[in-house]
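Please look over the structure below. The briefing that follows covers a sheet and a pair of helices.

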Amino acid sequence: MCGIVGILGNSPAVPRMMESLKRLEYRGYDSAGVATVTSAGLNRRRAPGKLSALSDVLAAAPLEGDSGIGHTRWATHGEPTENNAHPHQTERVAIVHNGIIENFKSLKNELSGTGATFEGDTDTEVVARLLTRYLEDGNAPRDAFQATLARLEGAFALCVLINGEENLMFGAREGSPLVVGTGQGENFLGSDAMALAGLSNQLIYLEDGDWAEITRDTVQIFDRNNTAVQRPVSISQVAATMIDKGNHRHFMQKEIYEQPTVVAQALGRYLDPINGRVKLPDAPFDLATIPKITLVACGTSFYAAQVARYWIEKIARVPVDVDIASEFRYRDPVYAENGLSIFISQSGETMDTLAALRHARAAGQHIASIVNVLGSTMARESDMVLPIHAGPEVGVASTKAFTCQLSVLAAFAVQLASAKGRIDDAAVAAYVAELEHAPTLMAKILRKDEEIEAIAQDISGARDILFVGRGIYFPIAMEGALKLKEISYIHAEGYAAGELKHGPIALIDENVPVIGIAPNDDLSGKTISNLQEIMARKGKVILLSDTDSTAADNMYAHFQMPTAGDLITPILYALPVQLLAYYAAVEKGTDVDMPRNLAKSVTVE
Ligand code: F6R
């Protein structure tokens, strides 16, 4: 949600902030803004809509100054208008914010009662007015900032400039991530490592309750009790060059086509093909004694969890609960004693998943996380971290993170089965060899992308599209539907193939394309029968299968998949559904990388 950058630098801040905001636009693109502080005071420029609108504003009215703060917004309180865009500014302060100030109404009433006026509807403006009030009361900047933080409830990351203070910036973190980047005679703040790529690779992640007072030469960090603390410095793995579309039209396209490479990279960290073994990072618990696994995630990561349940139960015979993170803690889950809870998240910051992690930790569970962003909060709060090594994922629709999550989860399932004594070394070696083969088969599928492109163009005019699959392919059907609806805005649903006749088949007519995911396995006969039932009702069936073409007789289209082992097949079937969504969206002319109403990293509940 919302991207933040803050610079106390030695060269013009606006071009540097705009570069950073470009990398952060994936976090929100409802509006953008920048403010700088100079001897002439605070100045800002804001614009509703994408960053390009802010560039136009800046071209017409440039902003000077070596120190500044910038923001891309995903609206929570207040519409995406210029008045609601950040930075929020008074005569004394300029503020950018990510998150939600839950008690903003009572603070607003209090401030209005003493004469403060507000130009917009955001919770952030209340923080700007409150800090201004404390400064007007004669408090020094640090005291005023501390007093302001003490009044705020909710989840937030803040970055603040003060009029008359050209060498001072404050940052605070409560629930929403914020990272300090250090440089030579300059220092920075950002909402993540992406914000600071190209500015600094020496990062200090603030912890919840921390706040920082920053000058060009000093960084002082305090905890929620205002006690000075030291936080470790880590080296960023994210280079500015990694966040580049290359020759691709969209980040999503680049990320789809990167998958053979990044999956090979991810598997390289977990497999020892020479000895036919899986190697997991050290954990402070013994997999052999884990009685039950709980998998929790949101969106695409949740579908990865659903696929993993089939693997873990089938291969390791360990019971698995799978939950949507936003529902998890409210259903008062029953944990098994000594159980392992695994949280899957590309960003490692998704608020619902993080809250679920903390719930499981409080219940005494062992905690593992499967994340892409290494320094993320979930990674830092886990007993065992399984990074997916997908590299920065910028497209809002998750693609390569999904297949890398699946690859890591497959390796985990094999290792768990081995630790439990459910499979012998030969079986482990066979699974390892199968996983090793996945990138080659993925590349083979991507080479036939023109076929999928033609199908996507053909069905892109449909109002509704269904995806159906059985068993482990049911979550792939749901993932296909999610991908399609979020970037093409075509209504799509994923169903278990056998469930259609219990209601959804009523939707079928000659205008409804149905994507059937049916690899040639022991369930494919049943799935194909369900597809025949759809065809009998004039539905247009598009079959994704390695089965021979006779099974596809009379079907509207058949995309021939390669035959592969059971373990890696779900990973492979993710590709055609991603391509289908991508090319349907391109055909419809939607904004593929920044679909409406969405943001990449969802740090509000
Ligand atoms: C869909 C998509 C989202 C995310 C979800 C969880 O394409 O990207 O559904 O999967 O918001 O995000 P993470 O994995 O960062 O927790």
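**A parallel sheet and a helix pair**

F467 stands opposite I515 in β25. The model is predicted, so local features need pLDDT of at least 70 and side-chain atom pairs count only at pLDDT 80 or more, while totals for chains, interfaces and linings use all residues. Residues are numbered from 1 along each chain as its sequence is written, and side-chain values use heavy atoms, without hydrogens and water.

**Sheet**

- Strand β23 (residues 464–469) runs parallel to strand β25 (residues 513–517), and 4 bridges join them. Strands are DSSP runs of E with at least two residues, helices are runs of H or I with at least four, and both are numbered from the N terminus; two strands pair if DSSP finds at least two bridges between them.
- The open sheet has 5 strands, ordered β24-β23-β25-β26-β27, with parallel pairing.
- β24 (491–496) and β27 (557–560) each have a single partner strand, so one side of each edge strand lacks a neighbour in the sheet.
- Helix α18 (residues 569–588) packs on the sheet and touches β23, β25, β26 (540–545) and β27. Contact means heavy atoms within 4.5 Å.

**Helix pair**

- Helix α8 (residues 259–270) and helix α14 (residues 425–446) have axes that come within 8 Å and cross at roughly 175 degrees. Axes are lines fitted to C-alpha atoms, for helices over the stretch in contact, and angles between N-to-C directions run from 0 to 180 degrees.
- α8 is therefore roughly antiparallel to α14, a label for angles over 145 degrees.
- Q259, P260, V263, A264 and L267 of α8 meet L435, P439, M442, A443 and L446 of α14.

Conventions: Angles under 35 degrees count as roughly parallel, over 145 as roughly antiparallel, 65 to 115 as roughly perpendicular and the rest as oblique.
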